[in-house]
Amino acid sequence: PATDAAKIRAFFVDPAFARRGIASLMMRASEQAALAEEFRSLELMATLPGVPLYRALGFTATGTHEERLADGTIIPFVPMRKPIG
């Protein structure tokens, strides 16, 4: 925790409940849990639709990344980081 960031692995909200603040609540709970373990930053790999939410929650982009699937499909990601505490 003193040098590594807490990793946010995945967030999913049922589309029927989208845009009701659920993801923001989950992120706040994750941030509090990370702080309790003495982490000082959070990191995640955002899909493009998630970038505006994570920016609004205080994350900044740290680069770009692409994953190529077995069928050749390329999925773009944005690594993001947020200092906490």
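Predicted model: local features only at pLDDT ≥ 70, side-chain atom pairs only at ≥ 80, totals over all residues.
**Ser41.** I began with Ser41, which counts as buried because its relative accessibility is 7%, where buried means under 20% relative accessible area, exposed over 50% and partly exposed in between, with a 1.4 Å probe and protein chains only.

Ser41 lies in strand S2, residues 41–47; helices (H or I, at least four residues) and strands (E, at least two) are DSSP runs numbered from the N terminus. I found a polar contact of 2.8 Å between the side chains of Ser41 and Arg81. The term covers a pair of N or O atoms within 3.5 Å; within protein, one must be able to donate a hydrogen and the other to accept it, and residues adjacent in sequence count only if both atoms are side-chain atoms. With neighbours within four places in sequence set aside, Ser41 is in contact with Ala5, Ala6, Arg81, Lys82, Pro83 and Ile84, contact being heavy atoms within 4.5 Å.

**Lys82.** Is Lys82 buried or exposed? I wrote down that Lys82 is buried, because its relative accessible area is 13%. Its side chain makes a polar contact with the side chain of Glu31 at 2.7 Å. Residues up to four places away in sequence not being counted, Lys82 touches Glu31, Arg40, Ser41, Leu42, Leu57, Gly58 and Phe59.

**Ile84.** I then looked up Ile84, which sits in the segment after S5 and, at 6% relative accessibility, counts as buried. Apart from neighbours within four places in sequence, Ile84 has contacts that include Glu31, Leu35, Phe39 and Ser41. I also checked Ile84 against Glu38: the two are 46 residues apart in sequence, yet their C-alpha atoms are 9.7 Å apart in space.

Glu38 lies in the loop between H1 and S2 and is exposed, with a relative accessible area of 56%. Its phi is near 70°, a positive value in a residue other than glycine. I found a positive phi of about 65° at Arg19 too, which is not a glycine either. Arg19 lies in the loop between strand S1 (6–8) and helix H1 (22–36), and counts as exposed at 85% relative accessibility.

**Aromatic rings.** How many aromatic pairs does a search of the whole structure find? I noted one, and its rings belong to Tyr54 and Phe59, with centres 5.8 Å apart and planes at 70°, so the pair is edge-to-face. Rings of Phe, Tyr and Trp (its six-membered ring) pair if their centres lie within 6.5 Å, and planes under 30 degrees apart count as stacked, over 60 as edge-to-face and the rest as tilted. Tyr54 and Phe59 are both buried.

**The whole chain.** Last, I turned to the protein chain, whose secondary structure comes to two helices and five strands, in the order β-α-β-α-β-β-β from the N terminus. Of its 85 residues, 29% count as buried. I also recorded that, among contacts with a separation of 6 or more, 57% come from residues 24 or more positions apart.

Notes: Residues numbered from 1 in each chain as written. Heavy atoms only, no water.
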